Amino acid sequence: MNTTTVPHYKKPLWDTPFAERARAFQQRDSFVPWAGYSTVDVFTTVEQEYFAIRNAATLFDLTPMVKYRIAGVDAERYLNRLVTRDIRKLKVGRVSYVVWCNDAGHLIDDGTVFRISEHDFRICTAERQLDWFMDSAIGFKVEIEEVTREIAALAVQGPTSCFVLKRLGLDGVDQLKPFEWRNLSAAGRPVMVSRTGFTGDLGYELWMRPEHALGLWDDLMEVGQSRGIRPIGSQALNMARIEAGFLLPNVDFISAEHTIRLDRDRSPLELGLEWLVEFNKPHFNGRRALLEESRVGPKRRLVGLDVAGNKAAHGALLYADEAGLKEIGHVTSAMWSPTCKRNIALAMINTPHGALGSTVWADVYLNRELMWERRMLRSEVVERPFFAHARRRATPPADR
Amino acid sequence: MSNESAQVFDVIVIGAGHNGLVCATTLARAGQSVLVLEAADQVGGMAITRGFAEGFKVSAAAHLFNQMPLPLVRDLNLKQHGLQWAATDLPTIGLSPHEAPLRIGDRDALHVRCEADARALGPFDARMNRFGKLMHALLASAPPRLGTAIWEDKWALAKMALKLRLLGRQEMRELLRIIGMNAYDLLEDEFKNPLLKGTLGFDAIVGSNFGPRAPGTVLTYLYRRAAEVSAQSSTFVQPIGGLGAVTQALARAAEAAGARIRTQAPVARILVENDQASGVFLESGETVLAKAVISNVDAKTTFLNLLGTEHLDTGFVRRIDHFRSRGMTAKLHLALSKRPHFTGVKAEWLGGRLILSPSLNDLERAFNPTKYQSVSATPALEITVPTIHDSSLAPAGQHVLSSVVQYVPYTVAGGWATQRAAVTAQLIDLLDQHAPGLRDSVIAAELLTPEDLEKEFRITGGHWHHGDLAFDQFYMVRPVPGATQYETPLPGLYLCGASSHPGGGVMGLAGRHAAHRVLRPNP
């Protein structure tokens, strides 16, 4: 059963500790590779899963999320130099959403940092970062260890998620504020619970030893039955994250370590993440470049769009004028938002275009029974996130 | 000491090596208040004269002087500050177990040995001098940066292209043909006599990590020729009192210009305030403040130890970490009870530069074992007996032998602690083969391996040039992109040592260029 001991060269895609249950539940044979693991794209239907995120409770297996343990007397100093936020302000028991940049101030990846203790941190990333992390460790007394396989991770998200977790026996979970974590236990199984997620909704992430994965899954499905709990795949999650305005690596930006073309790197200032950049702290990677960029202003901005009509503007080129004479950017993520009842998109727009409230034109191609039709759709630059419900932050969350 | 704690200097120079002193003098003359801090108990860095046995002194690292530009020597008034020559025009003599010693440049002697070589040597020399002159233009100025909008950079690049073009079609083509080649192939094409080729080949690889068959060794050969053009001398000079006399004179020049020099003042850390170098913290616990800090220390030590990676970006640190800085050159010092007699070497040659590199193949073979952490039984040597011209270095009637040993790796299998005695004995045996009786006259011996050079001179890796002179660490990319043109990513911190263009050798140009950069920063 323990297939994770099989090396990758024999089995290119590993199973996660939840794979046995996921395979039993899924009906579509719809799997996608994610960071070396096979994960479910769709269990039943995307719509069913999406609405469970916004109206009930969901389980999402995020074990493939790459995890590193960063420990040592210099761990805080090391992370503070690595990421753009001020890690000195991160207290034990808290989580921080961070990005890190190369020397040019271009984004390498984003992730979350957990402060486990004074000198012990965990960082979760979208892609493997060991090379960059190790080179960043030159001159620091830290140990860096990948712990992805040692930790099974399950996101429990949705308005009834807190209720389900209380039922599971995780006492005190309702006291967790957003971006807090605690070590709790359920039926004798130690579980680290953080109030974090990628849905922009009320939700938690559970971190446990792999041997507890299946038992915990089973208990959650059982206690959550009355609250409409169901496993979801990555497609439904992607819809929720666009509504929440979260960025997806390799979709909304490409890591500066992977780009080949010179102008494909993106800075946090361009991606609307300037709130993550703390210039008033000791030196960090990319600081000098970012200071200069903030002085002259970024070349482009990631913005939210409200696109006319109901057809998702996937990959559309954006123009300043309806005639399509001046190209000013492109859409990176797009969808019809069932909850917001709006046709939303994330887009990269060259400055000075893209000011809040301004109009841009999306060049959308529609496939109408094999015939392509072109539409210039009026789009308004709007605030992100598109979806922001008060329950996301309420502590304790309402009993549902 | 107390007034220094209160004073904010315009400039602190870390390290009183020749480049640091040239830099300090240039800045002091421009009216800057300059403090030079030297860790050792005397100035000079790798150009010092020091004792190695009771009554015996030697130029501890560099032992010949032929690369400092004459205009710089004059400009710094080194003669006035006490620099005197014990001997000039030192001949270069090739030694071999297979043939009689050969004085390089002696056309008649060569003619007897190989007529074709005697004919080829003149044109070869002339061509290398032409190319050396072109390279000299590179050495004589700070390197331009690529992709900037700065007029000065574009002009420097254009000037370089023009100089290349002015060589003429045939010569330009020849330069482009050979510049990336290896010295072995070039010399094989030109000459027949093994000793001539071996001796010329030695100059292509001395101080480097390369065998003569390594690509890029023509570049290092031309680099040496360029330095000679720059010095307006293709001959070697021995200062009275050894190479330390050069830096002593430089120190006096610096002090005459108003710079203050402190020895036994090792710097522990470069201080940073508001993302700007603001001074240094000494190992003694003392803090000295300055508006700019210039490091004559090698790039690795400067950035990784003195500054600390926390003030730098990861990509830059990665490049510095990859800067190839492990030395492959050692130094052997022998105290001799009597004058050595090298077989076939005329009396008037003994004070010269004796090169033991019998052939290019022998040179390559001397290199081979170093790839596997051991030393060849027959490494290549550059031998001098400085006491022939300068009796102040040894008790009367006794002599000092100073030899560069080419291809001694930084680490050897078993470690230097256990291998030192064996390698030293091996070297003495090798010398004894060419100078019978030398072994019995040895009073004391000192072997400075790259590891020892690292410790004594505080150079990470113990490399003579701080880092390999090779295409990827040369000119516009020396030491690494982001720290070229003597500036570093940290405002107010500069490099002025051999880690910067034009690199090692007792040249002083890096120090001079760095001073100009400090006085006129890039826009």
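This is a predicted model: local features need pLDDT of at least 70, side-chain atom pairs count only at pLDDT 80 or more; totals for chains, interfaces and linings use all residues.
Two strands are treated as paired if DSSP finds at least two bridges between them.

I begin with chain B. In S16(B), Ser403(B) is the bridge partner of Leu332(B). Strand S13 of chain B, residues 329-336, is joined by eight bridges to strand S16, residues 399-406, and the two run antiparallel. S13(B) also has six bridges to strand S17 of chain B, residues 442-448, again in an antiparallel arrangement. There, Leu332(B) stands opposite Leu447(B).

How many of the eight residues of S13(B) are buried? Eight of the eight are, so the strand is largely enclosed by the rest of the structure. Both of its faces are covered. On one side the buried residues are Thr329(B), Lys331(B), His333(B) and Ala335(B), and on the other they are Ala330(B), Leu332(B), Leu334(B) and Leu336(B).

I now move to chain A. Strand S6, residues 107-117, has nine of its 11 residues buried, and it is therefore largely enclosed by the rest of the structure. Strand S5, residues 95-101, runs antiparallel to S6(A), with seven bridges between them. These two strands form a hairpin with five residues between them, and Gly105(A) in the turn has a positive phi of about 75°.

Technical notes. Residues are numbered from 1 along each chain as its sequence is written. Chains are lettered from A and ligands numbered from 1 in the order in which they are written. A residue is buried if 20 or more other C-beta atoms lie within 10 Å of its own, exposed if 12 or fewer, and partly exposed in between; C-beta atoms are placed from the backbone. Helices (H or I, at least four residues) and strands (E, at least two) are DSSP runs, numbered from the N terminus.
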